[in-house]
Amino acid sequence: MSGVIEQSKTQNDAQAITVAKDLEDIDFLFTVTEETELKNYHQLIGKIRDEGTGVAPVWLKRGWPGYLVTRPADIEACYKDWEIFSSELSHDALTAPFMGKSMAGMEGRNHIDFRKLVNSPFKKKNLEKTIRPQLRQVADTIIDEFASNGSAELMTEFCKKYPMAVIGSILGIPTENWEEISGWARDIFLGTSRESRVSAANSFSDYVLEVIQQRREVPQDDLISQLCTTEIDNRKLTDFEIKQFMMLLFPAGVDTTWMSIGTMMTAILSTPGAKERLLLEPDIRDLAVQETLRWDSPIGLLPRIIRHDTTVGGVKMAAGSTVCLVHSAANRDPKLYENPEQWIVDRPVGRMLSFAFGPHQCLGQHLARMEMRVALEALLERLPNLSLIDGPSAFWGTAVRGPSAVNVSFDVS
Ligand code: HEM
């Protein structure tokens, strides 16, 4: 890790990056959940996308020179060219010191082989059989907890609990442990000190390795048991690999869907007529899900560290620099979408980057869309006259992004 950072600092001196005044105070990479609204965030990144090269130099707080890359074609090219725009280097620098290696930081043959081993349960047709039938019940159980109150803050009372319950039940982890495990997984990525991150990683490992051991002895009908027995080309997953995969699944599958359902409900409830149409026209529900992912992606940007000197959008970049691939800007490119700032309930969405692109494109994307669609149906059908109290709340974050709150009222039946 230190090698990368030191290299960056050296390059930084050599590069003499000039950062525009309005970008100076924003740490795009680490502004994850701070309770600060980045005012006019979309305007800021939209301006970079629409003017000049589409690339802007920025300082990332840890002293790294970075570049925002905002145009769809440039972002796709970076994701595709994984030998130069390395996920291994960015994971080694950002997450591996706390959680160790996971598939998100693998490259080339290793990554392809690992992805083959874990891919099958996440295929759409398999999810339709295994998870889809359970989703509505999971959502209804959570709604039951607040349905008689007449009001709720959906981010905490529904949007967070629901994906956690889905992952917990897919993995076969007892309900009473979901909250704690999810908290550890979150702290590993977002903990405020090195100590808290390491301690969360240790607690997570101890708990999960014990469950893996139990499943090896007595397999159940769950994902951990499947992962214990899967074999491709005479290769099986080790306990360590299963544990690392699970450590990735919690933040990858919970924080993202948590934000996306909050964003979707904010968009639906602040767009006149959208709720009524979604209740009457089931056929447009998948469009509303996809439009939400385009309109404000829960993973607003992702980093890659550059292995060799290169050029993006005509801008020269030195080895060791970080590119932040800004999905939030690309998804609103006016060259791709008319009135891109507007959330349109039945807009057909084609090209968009919320699930990234290339070899690491989101493994859980079909599950994410299914969860969002069922959440939409359950919330609109179960809570009559659902409306926002005091309008939409501010959106937070650059890398992980979503509404700070979704305060709603509804009729109690
Ligand atoms: C709206 C919800 C979601 C969004 C926006 C999202 C977005 C992403 C993105 C952008 C990546 C690429 C990471 C990279 O290239 O470094 C990714 C990877 C991944 N996602 Fe998701 N995700 C979502 C939901 C889920 C869910 C529900 C799961 C599973 C339960 C999941 C599991 C994964 C895994 C395992 C990877 C790593 C894939 C690899 O390295 O090959 N995601 N996701």
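**Reading the ligand shell, a helix and the core**

Modeller: In this predicted model, helix 14 supplies the largest share of the shell around the ligand, namely seven residues.

Biologist: Which residues come nearest to the ligand?

Modeller: Among the 25 residues around the ligand, those that come nearest are Gly253, Thr256, His360, Cys362 and Gly364. Two elements, helix 14 and helix 18 (365–382), each give two or more residues to this shell. Sorted by class, the shell holds 15 nonpolar, nine polar and one charged residues.

Biologist: How should I read burial along a helix, and which residues of helix 8 are buried?

Modeller: In helix 8, which spans residues 132–144, the buried residues are Leu135, Val138, Ala139, Ile142 and Ile143. Because these residues cover an arc of only 130° around the axis, they lie on the same side of helix 8. The face turned away from that buried side carries Pro133 and Asp144, which are exposed.

Biologist: What do the buried residues of helix 8 pack against?

Modeller: They pack against helix 9 (154–159), helix 10 (161–171) and helix 18.

Biologist: What is the general idea behind a nonpolar core, and which residues of the largest one touch the most other members?

Modeller: In soluble globular proteins, nonpolar side chains tend to be buried together. Here the largest nonpolar core has 117 residues, of which Tyr67, Leu68, Val69, Tyr162, Cys324, Leu325 and Leu379 touch the most other members. Helix 14 (residues 239–269) gives the most to this core, with 17 residues.

Biologist: Which residues does Leu68 touch?

Modeller: Leaving aside residues up to four places away in sequence, Leu68 touches Phe28, Ile45, Ile48, Val55, Ala56, Val58, Cys324 and Val326.

How values were computed:
Residues numbered from 1 in each chain as written. Predicted model: local features only at pLDDT ≥ 70, side-chain atom pairs only at ≥ 80, totals over all residues. Core = buried A, V, L, I, M, F, W, Y, C linked by C-beta atoms within 7 Å. Buried ≥ 20, exposed ≤ 12 C-beta atoms within 10 Å, placed from the backbone. Helix = DSSP H or I, 4+ residues; strand = E, 2+ residues; numbered from the N terminus. Contact = placed C-beta atoms within 7 Å. Near = placed C-beta within 6 Å. Nonpolar A, V, L, I, M, F, W, Y, C, P; charged D, E, K, R; others polar. Arc of directions from axis to C-beta.
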